[in-house]
Structure formats: structure tokens, C-alpha cells
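This report concerns the pairing of charged side chains. Please consult the sequence and the structure shown here alongside the text.

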Amino acid sequence: MKVLEKAPAKINLALDVLGKRADGYHEVRMIMTTVDLSDHIEIQETGGDRIRVRSSALYVPEDERNLAYKAADLIKTRFGIKQGVEIWIKKEIPVAAGLAGGSSDAAATIRALNRLWRLGLSYEEMAELAAAIGSDVAFCVRGGTALAIGRGEKIEPLPAPPPCWVILAKPPVSVSTAEIYQALTLDNLAHPDTDGMIAAIERGDYEGICSRLSNVLESVTIQKVEEVEQIKRVMARLGADGVLMSGSGPTVFGLVRHKSKAQRIYNGLRGFCGEVFMVRLLGGALI
Ligand code: ATP
């Protein structure tokens, strides 16, 4: 038997860091939403009891460092399952880009194995397993739109924002999330208006969402990757309604209401930037 799962990317509409925790992680408060750019996971049982991961992308580890491997390993250990599996990951989401590709692959693996092995896990049980793998994995189990707090593993669902187009542009560099958090200085941060963003989402106020896009990591990444600033400028000049860097970057996204304008921005950026995508907000939860 074979199970298939879609693993969508996320963007951050707001990303705030409140402080450093005793366990070394940062205390965050962020609003995430899924977009229609997805990896595809295919899981099949094998003869032995090993986990094998293969992926269509270069530079993605296929051993126990792969987050999908970690998810399968955790489930096998937790439930004493001896059955082996082969996990095939068709990567569409750029790697180390601020779009949670690896986290979404891990979350999709949890959903897939819950079905394959009829574990009957609730969302809460899957989210608890997910949190042990990585901070963004719990959000990715259900996707949609949510406020994530703590180290990112405590999830409070939000309604879907009004539909719109999303242009994603990734400069040809990758960024380590850990490195960006290390370089962040907590004094004098310009904190996002996260409560205002939540209220705007709740009343379906597209302009209110666009005007509150904010990410405290953006200026840190710009110090290392100046293309982030350039792409932001080009997107704004071409008429995006709101522009922000996602996660620790370096992917920049622009929100656009009208398809013709989205197409114009997409075309304008393609000559300038290698990886550009024009997708829709998914907004609603996967499960
Ligand atoms: P986030 O937004 O959650 O910080 P990201 O988009 O910046 O994530 P990922 O694409 O998840 O970053 O990859 C980060 C690192 O994780 C990569 O350098 C890669 O080596 C490793 N990795 C492990 N498993 C995967 C996977 N399934 N897909 C992509 N990268 C993976």
C-alpha cells in the first residue's frame, strides 16, 4: 500500500521575538499561513524494518538528518512498529528558504503514517509528536492560518485571510535559521503589531493585513543577504500590496489581490531572481 500527502509551504505574516528562554530557544509570537506551493510525499511499506528516504532535490540529506526520516523514526519508536518504509519526497519548496519545507515534509510524514498504520492519532497527539521534531512542525500538521507561540510549537488557529495571490522570490543563497537567530539583538526591536494583525485577519481586512506585515528577523538577514532588500524594493515598485521576508529568509513574498498585477510582478521578477513562484494563499486547515 502507498500513501500520498501534500506538504505545503508557509509564510509568516508576522514574526516577533519576545526574548530568550532558559532552554536556549527564543520565545516567539508569529502568524503563519500556508500557500499553494507544496512538496509531495509518497510512503510505501518495504520488506525489512528500515526507513529509507529519497528526495528529488540535491542538497537535501537522505539519512537520519532528514526531518521526514526523524518523523518516521519517532513514530516507529513510540508505537513499537517494526515495519520498514520508503519515503519519497518530491521537492518543490526551495530548501533553507524560510518556507518551512523540511518541517512540512515531517508533518506530512506524520499524517501519512497515521493513515498507513491506522494509529488513530488525534490532531493534538500528532502536534505533540511534531513538536519533538522541530519548532515549525506542529504548525505544519494542520497548516491553514495560526498564531504560534512559545518556541513556535503552541498553536492557536485563526480564520483564513481573504483570498489573494502570493509572489515568492528566493535569492540564490540559503540561510541558516540558527545563524539568523544568533545574530539577532533583542534590544530596540521594532515589534510587529501582532494583535492588530490578528484583528485584521479576523475581520477579513486585506488592506489591514498588508499594512501590518512585519518580521523582526528581516533586518538581520538583510545584513547578510542584500538581495532581500532589492527584491522587496522591486516587488513594491511593481505594485505588490504588501511585501515581507518569510521566516529567517531569504525568500521574500508579496501579496497581490488581482491576478493581472500578480502576473506582471511575477514576470518582472523572473528576469531578476532565479526562483520565483506565483501561488495562492491556502489559508484553510489541511485536517
Ligand atoms: P524554516 O522556515 O522552518 O526555518 P527553512 O525553509 O528555512 O525552514 P528547510 O527547507 O526546512 O528550511 O531546510 C533547512 C535544513 O534542513 C536544510 O539545510 C536541510 O539540510 C535540512 N533538511 C532536513 N530534512 C529536510 C527536508 N525534508 N527538506 C528540506 N530540507 C531538509
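Asp-193 and Arg-212 join their side chains in a salt bridge with an N to O distance of 3.1 Å; a salt bridge is a side-chain nitrogen of Lys or Arg within 4 Å of a carboxyl oxygen of Asp or Glu. Asp-193 belongs to the loop between α5 (177–183) and α6 (194–202) and Arg-212 to the loop between α7 (206–211) and β8 (214–215), so the pair ties together parts that are 19 residues apart in sequence. Helices (H or I, at least four residues) and strands (E, at least two) are DSSP runs, numbered from the N terminus.

The model is predicted: local features need pLDDT of at least 70 and side-chain atom pairs pLDDT 80 or more, while totals for chains, interfaces and linings use all residues. Residues are numbered from 1 along each chain as its sequence is written, and side-chain values use heavy atoms, leaving out hydrogens and water.

A second salt bridge links Lys-170 and Glu-275 (3.8 Å, N to O). Lys-170 lies in strand β7 (residues 165–170) and Glu-275 in strand β11 (residues 275–280), so this pair connects parts that are 105 residues apart in sequence. Lys-170 is buried, at 6% relative accessibility. Buried means under 20% relative accessible area, exposed over 50%, and partly exposed in between (1.4 Å probe, protein chains only).

| Residue | Relative accessible area |
|---|---|
| Asp-193 | 40% |
| Arg-212 | 24% |
| Glu-275 | 32% |

Across the whole structure, the search finds 19 salt bridges. Glu-5, Arg-111 and Arg-115 form a network of salt bridges.
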